[in-house]
Amino acid sequence: MTTTAGTDRQSGTPIELAERWGAHNYAPLPVVIERAEGAYVWDTDGRRYVDFLSCYSALSHGHRHPRLVAAMKRQLELVTLTSRAFHNAEMGPFLQELCAYCDMDMALPMNTGAEAVETVLKAARKWAYEVKGVPRHEAEIIVCADNFHGRTITAVSLSTEELYRDDFGPFTPGFRIVPFGDVAALEAAITPRTAAFLVEPLQAESGVRLAPEGFLREARAVTRAAGVLLALDEIQTGLGRTGRRFCCHHEGVKPDLFAIGKSLGGGVYPVSAAVGTREVLGLFTPGEHGSTFGGNPLACAVGRESLRVLEEEHLAERAARLGEWLLGRLRAIDCPEVKEVRGMGLLIGVELRPQAGGARRYCEALMAEGLLCKETHENVIRFAPPLVIGQETLEAAMERVESVLRRMKPV
Ligand SMILES: *Cc1c(COP(=O)(O)O)cnc(C)c1O
């Protein structure tokens, strides 16, 4: 047997090696990041960029926040993995602090966002059978069109995006899809078998789409009246990103379950969780669900520090203040190709008109100007800098955004 790689196994630029050896499930911008600090990253040529994506909101604390690096190093010197076969000294305190932050009763620690969503779905189904009395294996969960809940088979089963799902069936049954922001459609979709309504308070991946004012509040009222759980996917919108601890707090809503992740790991480690009421999460018994890495001491030490930094550095308030400034600044730019600027806190989408020729070329032009952001869907540029970004950095970056938006010509 010979391998195709031959002798030049090691040769090639990092981009060439990634293209050759990695599956092509992303289309990254042609920049190779070598180091990072705060809101800045540097490429292999030493060029500096402002990070305007924040790893899809997993870097709200900025890159390598000193307190998170220190917390991680401290824990590295003690113990990193135990498995849930034993207790570890960090998990109990982490879950207590996480529940306090979320104003909830119980949490179940996982690693990635998709796993937190899966956990929420399993919890909702179990609640439907054990508490609501739905006949076993007949529970339904309502989700919204244009959602994004991750990449597992179940998460793509409830997606309406062809690219995410078309080649990956057969799909997990038991879901109904209603339009995002449509309370009447939600109400009409509820049956005696409905376990939960799973929704993102703001659809980030589908293009930073906001629900109509009052939608979440009304969805809460409808689900409560019908005996249906409200499960919120705040993986991207939670932990201060939209200017409150959770996006649902803008409407004074408390769900039964949260899925959270991304910045829970402080930008240094994957940490996620399902967090909710005792009525729901209290139903799990040993062996029904788990994760090798979920709740490991390194993750829990990092998660604790992540929450402390969010609070002590007032990052949600910062997101609200800087986000309001940023929205106003972007809206003031006179560019005929911009259709709409929308968002909450430091999660902002600039939707371009079709004649702009797609958001990708704008992201490439911004990259050349030292600004890293990414298109989401065809025509939306997402601006989501770390919440720790300095006002001056933001202002300087907006000068460059303005010059790119003014300079770019329709294709
Ligand atoms: C990122 C994200 C997920 C998936 O998280 P992973 O860590 O990539 O599995 C799920 N839901 C939302 C809203 C997200 O933004």
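A salt bridge here is a side-chain nitrogen of Lys or Arg within 4 Å of a carboxyl oxygen of Asp or Glu. These views come from a predicted model, where local features need pLDDT of at least 70, side-chain atom pairs count only at pLDDT 80 or more, and totals for chains, interfaces and linings use all residues. Residues are numbered from 1 along each chain as its sequence is written, and side-chain values use heavy atoms, with hydrogens and water left out.

**View 1. The salt bridge between the domains.**
Between domain 1 and domain 2 the count is one salt bridge. In a salt bridge, the side chains of E205 and R382 come together at 2.7 Å, N to O.

Domain 1 puts 24 residues into the contact and domain 2 puts in 26 (contact means heavy atoms within 4.5 Å). Together they bury about 1,800 Å², with 59% of that on carbon and sulfur atoms; buried area is the accessible area (1.4 Å probe) lost when two parts are put together, summed over both. On the domain 1 side, look for M344, L347 and H377, which supply 34% of the area it buries against domain 2, more than any other three residues.

D233 brings a polar side-chain atom to 2.7 Å from a ligand nitrogen. A polar backbone atom of F148 is 3.3 Å from a nitrogen atom of the ligand. For Q236, an N or O atom of the side chain lies 2.7 Å from a ligand oxygen. The protein covers 81% of the 380 Å² of accessible area that the ligand has on its own (Shrake-Rupley method, 1.4 Å probe).

How values were computed:
A polar contact is a pair of N or O atoms within 3.5 Å; within protein, one must be able to donate a hydrogen and the other to accept it, and residues adjacent in sequence count only if both atoms are side-chain atoms.
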